Structure formats: C-alpha cells, structure tokens
Amino acid sequence: MPDNLINRAKKLFTPALVFHTDIIVKKAQGLYVETSDGKQYMDFSSGLATTNIGHCPPEVVKAVKKQLDEIIHSGCIFRYHSEILFAEKLKEITPGKLDMFFFSNSGAEAVEGAIKLARFATKRQGIIAYTGAFHGRTMGAVSLTTSTAKYRRNYHPLLPSIFRAPYPYCYRCFLGQNPDTCSMDCFGYLKKMLRHEINPDEVAAIIIEPVLGEGGYVVPPIHYLKELRNLCTEYGILLIADEVQTGFGRTGKWFACERFGIMPDIMTIAKGIASGFPLSAVASTKEIMSRWLPGAHGTTFGGNPVSCAAGIATIEAILKHRLLENASRVGDYALKRLIGMQKKYPVMGDVRGLGLMIGIEFVKHVPDKNPDREFLKKVLNKCYKNGLILIECGIDKNIVRFMPPLITTMEEMEKALEIFEKAVAESAARK
Ligand SMILES: Cc1ncc(COP(=O)(O)O)c(C=O)c1O
C-alpha cells in the first residue's frame, strides 16, 4: 500500500522536487511520526528545521481551530486581530530595534523582500552574499544561493550585481588557511572585494546566514561577524541576517545573531515561526522600513490570519515551556557527547554547532579531510532502520544535521545519540 501511494505520487509530481525519504506519514505528534503500517520514528529533521515545537503542537492546533471560525483570508483588504497580535509578539522577541515587519509565506519570499527593501532603502544595487549560502529557490533568492551549482543550472542569467565573499568555514577554508594561524584572511578578501569589484557606496546589503545551514551547518568565528557588523556600519551597507533556519530558538536563543552579540539591520524569519503553517517575515527598523514607500512591495497571502494565529501560539508555547533553555541544555549535552564520539571514530572529521543545530562531517582520512558521502549514507540508513530520521547537508552531502525540535528531552536525545553511535560504529567496522 505505501509503495502504491509512492508510485502514484511519482506520476503526479515533478521529479525536480526531491524527497529525503519514502516514508508516508499517517500521524505526526511532537518529536514522533508514525507511518500507516504503524512504524514510529523520531523526527530529527523537524520537517526541515520547521516544527521547532514538535509536530501538531496542541496549543497551535487549538489556536488554528479557533481562527478558522473567525477569518481565514484577507488579501490585504482588511486588517485582523491575529496579524496585529502576532506582530506585537514578534516585536517582543526580535532583537534591538527590529520592530517593523513585512509578512510573507516562505523563506525565499522573505529573502526577496529583504533584498528589495535593501535596494529601495539605500538606492544602491550591489548585494554581497556568501559562497556556500542557501537563501532559497525563487529567482532573486537563488541568485544569492551557492550551496551547490545544481540549484542554479540552466537558470542564468540570474540577478545582476550580486557579489560573493568566502564564508568563514574554518574546517574547509576557501582560502586554504588554518584557523590556528590565519588572521581572518576571508575578511581581508571581503575588504579587497570592496576595492576591486564594487565600491562600498554601491553596496546595498551584505546577506549572511549567522550559522551556515544547507551549506554545511558551519558556525563562523564570532570576531568575523563582529567585524562584518562594523564594516557595514562604516559604509552604510545594510546587514541582512538570514535567520530562516537559525531563528525561532534553533540555536538556543530566539535568533542566532544574539549568540554572537551582533545586530542586523534587516532579518529574514520563516520555518519555525508558525510551526509549519506558511508564514515568513522581513524584520527591520522603523527608520529603514519607513523608506519603503507604499506599494513598493505587497502580497496576497502573506500574514495569513491562520498562520498568524499559529505564530502567536508558537511564541507563547516556546516561552511557557522554556524551550530556548531546553534547546541550549539538550544541545550542549549532544555536542559534548558527539565530540566524545569523535575521539573514538576518526571518520567524524568535525563536530560543531549551537543549540539544536549541530553538524557532523564524515571524512575518509583525517588529515586530508576527503568528504565521505558513502559513509554518511550508510549511517543515515541504519539510523532510519532503527527509528531515527536524520538528514544531510553540505555540497558533498557528507554532513549529518542534528536538528530535532526544541521540545526534545535529554532522554530522547540520549536515545537518538545511542542509535547514531551504533550506526557509526557498525559502518566503521565494515570500512
Ligand atoms: C537560510 C535559509 N534561507 C532561506 C531558505 C528558503 O526557505 P523556503 O524553502 O521556505 O523558501 C532556507 C530554506 O532552507 C534557508 O535555510
């Protein structure tokens, strides 16, 4: 029966859209998903870092049901309570002066909005993005995305005046440096770009993921982000933090830039914002937002009343159940355990992360760090057979991402770590 459904699906949907598993889920609740034949899995993918407070959280379900009886759609014709209340709640948790919003439906749409805002507000054209970044699939967003050239194939010409700086990915430095001896050459490279490629007064924005997501779960050095903030301030360049994946508690704070103590001028938020309902936001200061003139941007579905009700319930649940604290505690524990495992299994070339955003890079040999995708596949298959869903990232698809919901308990994390370690040990024994 599931096979039959999968075959039917394959006839109906474009092969361009790739699914990570062939599981057909009948019921999803909290950390767990259950198939029609009764098998249960721990979902450590969180529906691509989205079900941050678990699948079908009761508070969200209740709020959505109530909203359905009131108003489902407005299309910017009339105002409604859930949107205004949600914006007020969001304002309480967004850092610093990021207190004005534009609501849309997806991460890519928020990125589109952010770059339009930056260009409009500065009247400059240039945008600097990072090699390895993922910002989405729409034409503007994919012009900024270089997590793999596959996402850009056959779509050229893309948006013009996009420039690319190397992401501070110390384990695999783009400039071949060693983090122990380098003096942030990647930042020096960015400064050279501003002399050789585009004048700083022509750059509208620099967009960065505070922790690289799809590109490899890479945590940049804190001083890189601080220097970047200073550089943007010096030249009047707007700093856009793409917090689509890192936001809504994923790293143990509401937003990852708080972990680094930096304040962006514009922030993009999506994924965990409404527990799976389509909603995203561009957040910025009143001063910058006020430069975006009426009609310069718009939406039909953005800020949908039902999604906003889900967003309110999501924020309230995170606060009520102290889920940021839980994400830090359980995430720190997992990171320590994984670093311990790394000592036993050299195939775990690098382990890094913040909160519940942890990446483990599998390599063939330690000194030359050749990515080991085949090993990763074996590990993920074994985990999957033992009831744990994990997914990969990185251009070589050799990095496992641990991104369970923020509700994951210590016991559940320990269980997942045991399944993972067993899978690594068995795969390493067969090497
Ligand atoms: C950092 C980042 N930006 C943007 C996006 C695009 O989001 P969406 O798939 O909702 O368009 C993603 C999705 O993974 C992301 O991780």
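In E7, the strand that covers residues 203–208, Val-203 is the bridge partner of Gly-126, and this pair belongs to the three bridges through which E7 and strand E5 (residues 126–131) run parallel to each other. The model is a predicted one, in which local features need pLDDT of at least 70 and side-chain atom pairs count only at pLDDT 80 or more, while totals for chains, interfaces and linings use all residues. Residues are numbered from 1 along each chain as its sequence is written. Helices (H or I, at least four residues) and strands (E, at least two) are DSSP runs numbered from the N terminus, and two strands pair if DSSP finds at least two bridges between them.

**The seven-stranded sheet**

- E5 and E7 are part of an open sheet of seven strands with mixed pairing, in the order E4-E10-E9-E8-E7-E5-E6.
- Strand E4 (100–104) and strand E6 (162–166) stand at the edges with a single partner strand each, so one side of each has no neighbour in the sheet.
- On average, neighbouring strands of this sheet are turned by 20° against each other, direction ignored.

- Strand E1 (residues 25–29) pairs with strand E2 (residues 32–35) in the antiparallel sense over four bridges, and Lys-27 stands opposite Glu-34 in E2.
- Two residues lie between E1 and E2 in their hairpin, where Gly-30 in the turn has a positive phi of about 60°.
- E2 also pairs with strand E3 (residues 40–43), again in the antiparallel sense, over three bridges, and the bridge partner of Tyr-32 in E3 is Met-42.
- The hairpin of E2 and E3 has four residues between the strands, and Gly-38 in its turn has a positive phi of about 85°.

**Surroundings of the ligand**

- The ligand is surrounded by 14 residues, of which the closest are Gly-107, Ala-108, Gly-136, Val-244 and Gln-245; a residue counts as near if its C-beta atom, placed from the backbone, lies within 6 Å.
- Helix H5 (residues 107–122) gives the largest share of this shell, three residues.
- By class, the shell holds five nonpolar, six polar and three charged residues, where Ala, Val, Leu, Ile, Met, Phe, Trp, Tyr, Cys and Pro count as nonpolar, Asp, Glu, Lys and Arg as charged, and the others, Gly among them, as polar.

**Helix packing**

- Helix H12 (residues 323–344) packs on helix H14 (residues 410–429) at an angle of about 20°, with the axes 10 Å apart, which makes the two helices roughly parallel (angles under 35 degrees).
- These axes are lines fitted to C-alpha atoms, for helices over the stretch in contact, and angles run from 0 to 180 degrees between N-to-C directions.
- Val-330, Tyr-333, Ala-334, Arg-337 and Met-341 in H12 meet Met-410, Met-413, Leu-417, Glu-421 and Val-424 in H14, with contact taken as C-beta atoms, placed from the backbone, within 7 Å.
- The contact of H12 with H14 has eight nonpolar, no polar and two charged residues.
- The axes of helix H4 (residues 81–93) and helix H11 (residues 305–320) come within 8 Å and cross at roughly 35°, and their contact has eight nonpolar, two polar and two charged residues.

**Backbone exceptions**

- Most residues other than glycine have a negative phi, and most peptide bonds are trans.
- Lys-123, in the loop between H5 and E5, has a positive phi near 60°.
- The peptide bond from His-156 to Pro-157 is cis, with omega near 0°, and Pro-157 lies in the loop between helix H6 (139–144) and E6.

Note on methods
Parallel < 35°, antiparallel > 145°, perpendicular 65-115°, else oblique. Contact = placed C-beta atoms within 7 Å.
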